[in-house]
Amino acid sequence: MAVSGVGAVSAAGLGADALWTAVTERRVLTGPVTRFDMSRYPARCGAEVPAGAVADLDAMVPGHESLAARFLAAGALEALRHAGIPEQGRGRLLGVFVGTVMATRPVLDRGIGSGRLDVPGRTWADPDALLATLREVVTVTGPTVLFAPGCAAGNSAVAAGARAVAAGEVDVAVCGGVSELSLEILAMFTSLRALAVDTVRPFDVNRRGTIPGEGAGVLVLERVDRLVARGGRPLARILACAAAADAHNPTQPHPDGNGLVSTIHGCLDRARLTSDDVDWVCAHGTGTQASDGIEARAVAKALAGRRRPVVSSIKGQFGHAEGAAAALEAIVAVRALADGLVPGNVTLVEPDPACGGIDLVEPAGRRAPLGVVLSQAFGFGGGVSTVLLGRGDRATG
Amino acid sequence: MPPVDDCLAVRGLGLRLPGVADAADLARLVAGGPLPPVPLRRFEAPDTDLGPVDRRTQAPVEPRIPAAVAGRGLRALPPESLLALAAAADAGTAAAGGPPDRWLAPSVLDPADAGPAAVLWASSSAGLTEYATICVEASTLDPGLSSPIIGPASAFNGPAATVSIRLGIDGPNETLTGGTTAGLAALVEAARLVSYGDAARALVGGSATVSRWSVAGLADGFVAGEGAGCLAVSPGRDGEPGIRLGRFHRTTLDRSDLAAGCRDLLRTVCGPAGGPVAAVVSTLDTELVRTLADDRVRPVWHLERALGDFGAAGGLLAAACAVAYCASAPAPTSVLALAIEPSGNAAILEVSSWGAPTSSSGWWGDNSRSVGVSGSPT
Amino acid sequence: MAQRGVVSAAVLRDLAAEIFEVNPDEITEGAAFYEDLGIDSVQKVEFVVRIERQLGVRLTDEEAAGLQDFGDTLAVLRDRGISVGP
C-alpha cells in the first residue's frame, strides 16, 4: 500500500512542506488564542492555523461556515495534486475516508458570549456538512465514510482507506483527519484542569497538560503496482494498521495501556516485523500527566527488544490537533522516512524518570536513516488506532 | 485476499425503538403493518436564542438496561449511550438463547477465546446535546465551571465507547457519522475488519436521540426518530442455516440522476430480476423512493417515512429491518437495505436467510412470528 | 445551600453520593475517594466544580488535586472561611 500524496493544513500554515519545515526548524506553534475571547480563562493557549493562512484559503477552496470543512478540502486538493491525480472527473474510482472528533459542531462555538447562547444557523447539527467543501472541489466516485471515534480519528481513516484499496473497492483512497479549534473543547479541558498554561511538554517531568490545536492532514493511498504503472513512486508505504479499545474508562487510558500494546503487536505481526525494526515511534504524547506515563510504559513493554524504543511527540510544537492529530503525524512520519530525520521532543527539558523505558529523542532530533515508523493515537472513550509506515523505496520497509 | 461479501452471519439483533417490542414487531411493520400514531412534542433550549419547537416524535424510549450490564456508573451517561448499551447487550446475548447457532462464544458478554470483538456505531446525534450544554455553560458560567463529566461525552463516540467499556469489548472501536449511509458503511467496515482478521466478531449498531439541538439537524417533514438498533455478527460457515449479510456495494452516484443511479445499484447487487423480495430504503429523498417504488420490481419500504429520521443510524436500521423481516419470513428470503444521501453517497446490502431455524421459536429464541412476504408498504 | 458562606456537611455528602453513585453513608470523612469509593478523577473534578458553582468559591489546581477524601474537602472549605455545619 503506497502513500502517493500528502496535504496539510496546520498551525504552521498551508501545505505539507510548511508542516515539515516547522518540524525541522523546531518551531513551537502554540500561543495565545486569537479566534475566541479567552481573557477570563486561566489557560489561554491554542495552536491555531494562522489568520493569514485562513485568509489564503479563499483563493483555494469555496467558503463554508465550518473552517474544518475548508481545511479538509484544501488538504485533499494538495494531496491529490501531489499524487498527480485529477481532482475532477469520474474517470477514476476514488473514495474518501475522513476522521474527525467534533465534525461541524465547533460552528456552534461562535455563539458563545456572555449570557444567552446566540445560535448560528444549523450547520453545527449536520456532521455531513464537514464533507461539503471537499465534494465541491473533488469528484468522489467511490464511498465517502466519515469516522468520529475520538482522537484516533486520523488513523481510523487511514486504516479504512487502506482496507478499501486492498479490497479493490477503490483505486484511490483520500484519507484525512480534520478538526478546527473549539471553544467547547477549551472550556471542557479548563473544567477538567488539563490545560497547560504556556507549553505542552510531552514526557517531561514538569508536564502540566495539553493545548488544543487544529488543522487537516490528508494522505492519498493507492496500490504500489497501480502507482508505479502510472509512472509514480511511493512516498512511503502503509505496512500495517491495527485498532483496539481499552474497554476501561471514558476518559482515562487503561493503566497498562492494553489497547495500545495490542495495536503495536498487531501491526508488527501483520507486517512480519519485530520491535527492533521500528526506528521511530511517533507518539500520541499529549502532555497530560497520566496519559504520557501510561503511553511510555506501554511502548516500552510492547517494543521490548535490543534497544529502548525511540520516541517523540510533535504535540509540543503543534498542540493536540484532535481529529487532525493522527493524520498530521502520519504525514510527519512520511517525511521523516523520506528525509532521514527523527523529529525531536522540541519542548522536552527534563525527561520524566517514569518514562525511562523509552529513548526520548532530544529536542534537536536525530539525523539517521529510518526504515519503519510506528504512529499511534488514542483518545477519550478508549479507542486506539495505530499505523505502521515504511520507506517508499523498500519492498518490506 | 479473503472475500468480504457473504462472510457475516447475523447472531443477534437488539432493538430499542418506540412501539417496537421485538424483531417480529419490526418485521410486521416492514410487511405493511399499521404504524403507530406519533404525537407532537415540544423541545426547548433554555438560555439560548433558540425558540421552542414542536415536532412529531414518539415519547422517549426507555433504555431497559439488561440486569447483566446494569449497575454503578450509568447515571452520568447520556440517554443515547444507554440506548446503545441496551441494544448492544441484547444483540450480544440473544445468540446465547438458542438456535440455530451461537455467537462463536456463548455471548459477547463472555467472550472466552473467540477472538477480539469490534464495536462499530453510527450516530449523528450522540454528544450533541452535551456539546451544546457546554457551549451554554461557557456563556452563562465562569470559565472552569462547566460540567467536567458532560464535556467528554460531547463527541460522537459515546455509544461505541460505552458499549466497549460496559461490555468489556476490547477490539477495534469505531464510530461513523454523516448521512444515512453511515449505518450501512458501519456494517461494511465490520465485514472488512472480520475478513482481514482484525476482529472475530462485531457488534454493529446505530442510534439517535431527540433534543431541541438534534432537531435542528433533521430534515423537515419527518418524525424525529429516537432509538437504537444493533446487530451481532460473526463469520458464517458454508451451508450454515441462518441470516447472512450478503453482497454489498458502496459508491457515490451522479447527483444529477439519483434514480438512474439507484436502479443501476440495485441491478449490481441482485441482477435484472428475482432475488430480493423487498427493499428497505433509508434516505431523506421521498421523491426518489416513490420513483423506485413506481418501478414495481419489488416493494419498497421507506424507513424515514415509516419510523422517522434517525440521521446516520438510518442505514443501520434499514439493515436491522431487513434482518427482522428475513427472520420472520419463511426461508429462503432476501431483502435489500439501501441508503442514499443527497450528495449521491450510497450503499446497498443484501440480507438473506436460508435453511430453517432449528427451533420453532425462530432464529434467536424470541417470539418471532411469521409475516407475509407481499405488500407494498410505501 | 442557598446562603453563601454556609453549608451543611449532610448536603455536601448527598452531593458527593449523587455524583459518585454510592450511598451517602459510604461518604465518611476518611473514605478515600479513589481507593475506597472507587471513583475516577473526572467524578472528583465534577464534585469540585459543583461545590464551586454552589458555594461561589474557586479551588486552585493544587487544592483540587489534593482532595483525597470527604474530610479533606470539608477542611479546604473551612480554610476558605466557609462555615460547615452538620
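Visitor: Which pattern does chain C follow when read along the sequence?
Guide: This is a predicted model, in which local features need pLDDT of at least 70, side-chain atom pairs count only at pLDDT 80 or more, and totals for chains, interfaces and linings use all residues. Residues are numbered from 1 along each chain as its sequence is written, chains are lettered from A and ligands numbered from 1 in the order written, and side-chain values use heavy atoms, leaving out hydrogens and water. Helices (H or I, at least four residues) and strands (E, at least two) are DSSP runs, numbered from the N terminus. Chain C has four helices and two strands, and read along the sequence they give β-α-α-α-α-β.

Visitor: What is the radius of gyration of chain C?
Guide: The radius of gyration is taken over C-alpha atoms, and the globule rule is 2.2 Å times the number of residues to the power 0.38. For 86 residues that rule gives 12 Å, and chain C comes close to this, so chain C is as compact as a globular protein of that length, with a radius of gyration of 12 Å.

Visitor: At roughly what angle do the axes of helix α7 and helix α8 of chain B cross?
Guide: Axes are lines fitted to C-alpha atoms, for helices over the stretch in contact, and angles run from 0 to 180 degrees between N-to-C directions. Angles under 35 degrees count as roughly parallel, over 145 as roughly antiparallel, 65 to 115 as roughly perpendicular and the rest as oblique, and α7(B) and α8(B) are therefore oblique to each other. The axes of α7 (residues 258-270) and α8 (residues 286-294) of chain B come within 10 Å and cross at roughly 50 degrees.
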